[in-house]
Amino acid sequence: MKQMRHKPVVQKLRSETELLHTGRSDRLTLRGECEGCPVFCTEFRLIHWVWVVILLSVSACKKTDSAIQDNRRIHVIGHGGSGFTDQSWYPPNSWTSAVEAVDRQGADGVEIDLQMSRDSVLFMYHDQHLDAASFCSGCVHGWAAGVLQDCVFKPRSGSRAEERITRVERLLGKYASAEKKPVVFLDLKNPLDCLVDSTDEWIKYYQAFLYQVNRLISKYDAAEWVMLQSDKKEWLVYARSQYPEIRVLLDYIKDTSDILYAARNDFYGVAAPDQDLSAADVALAHNHGLKVQLYGARLQEEMAEALNKRPDYFLTDNIPLTQRILAAGP
């Protein structure tokens, strides 16, 4: 005589659950012990389906919860690459500084300052004057790209020699084919002293700048991982109207009115020094569907306080320390 057939019933139940997961519409029936016992069979089916629904609900809840946690993860962003201090090994906004941050230190991304050449090429450089951080002189916007790309950064503490100013396109091209792409914030810097004081000159400059940003984002299919930030409200509004695929962040926000302005104009997010935004401000921005970027904290205690406000992105001059603080948890 064969043993009681509990095991085949369990196997059948697993098969039916698999049918549910795969979306097949086969009519499900229980055999074996259910044959000839319609009352038991009906009750068993009911219990079975209740458990299936519960298991699927739990599975869905776990996936949703995991997605929420991932969306709220604080992304560590290297300020100017791997750091913007006198102790930085590489010059800020240099090629090696950016690659060091992402490929070696494991940052989630980098913030890169941009200036534009006379012939509308975007370079990774902070200051409007070349002699501020390189051996060249004059305004960045006063020279063509062919001249700027030969300019060498001035040495910093421990920095390597022959570090040239780089076109930002080189950086985007490097990571465009990467399986995991870094987040890249392009910070629109203002050449205040290098343009003729006329409305027409400013309009031409910013229109050309935003055109080039859009061109690069389109060329490298980078709308999901490259963003633009600036404190120039009117030009961010212009960018949203002309190039809606560009994600823009309003920088240097001071109060809730700036948060509401960003929300009304469908900006992607806001950015500010950590001391200018409270945890309540960060929460308000999140409630309006905005991402938040904080920066400026350098001491460990200040960094921990800023991170406790739960921004989406944290610009740091010390990537390893930021990573350790986050790993330690609350």
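Cys136 is partly exposed, at 21% relative accessible area. Here buried means under 20% relative accessible area, exposed means over 50%, and partly exposed is in between (1.4 Å probe, protein chains only). This is a predicted model, in which local features need pLDDT of at least 70, side-chain atom pairs count only at pLDDT 80 or more, and totals for chains, interfaces and linings use all residues. Residues are numbered from 1 along each chain as its sequence is written, and side-chain values use heavy atoms, with hydrogens and water left out.

Cys136 has a partner. It forms a disulfide with Cys151, and the two sulfur atoms are 2.1 Å apart. A disulfide is counted when a pair of cysteine sulfur atoms lies within 2.5 Å. The torsion about this S-S bond is about -105°, so the Cys136 and Cys151 disulfide is left-handed. Cys136 sits in the loop between strand S3 (122–124) and helix H4 (145–148), and Cys151 in the loop between H4 and helix H5 (168–175), so the pair ties together parts that are 15 residues apart in sequence. Helices (H or I, at least four residues) and strands (E, at least two) are DSSP runs, numbered from the N terminus.

The structure holds two disulfides. The other joins Cys139 and Cys194, with the sulfur atoms 2.1 Å apart. Its S-S torsion is about -80°, so the Cys139 and Cys194 disulfide is left-handed. This pair links distant parts of the chain, 55 residues apart. Cys139 lies in the loop between S3 and H4, while Cys194 lies in the loop between strand S4 (183–188) and helix H6 (199–219). Cys139 is buried, with a relative accessible area of 18%. Cys194 is buried too, at 16%.

How do the bonds run along the chain? With bonded cysteines counted in chain order, the pattern is 1-3, 2-4. Each such link is a covalent bond between the sulfur atoms of two cysteines.

Now turn to helix H3 (residues 95–104). Seven of its ten residues are buried, so H3 is mostly covered. The buried residues are Trp95, Ser97, Ala98, Val99, Glu100, Ala101 and Val102. What covers them? Among the elements over the buried residues of H3 are strand S2 (109–116), S3, H5 and helix H11 (319–328). After H3 comes Gly106, whose phi is positive, near 75°.

Notes. Contact means heavy atoms within 4.5 Å.
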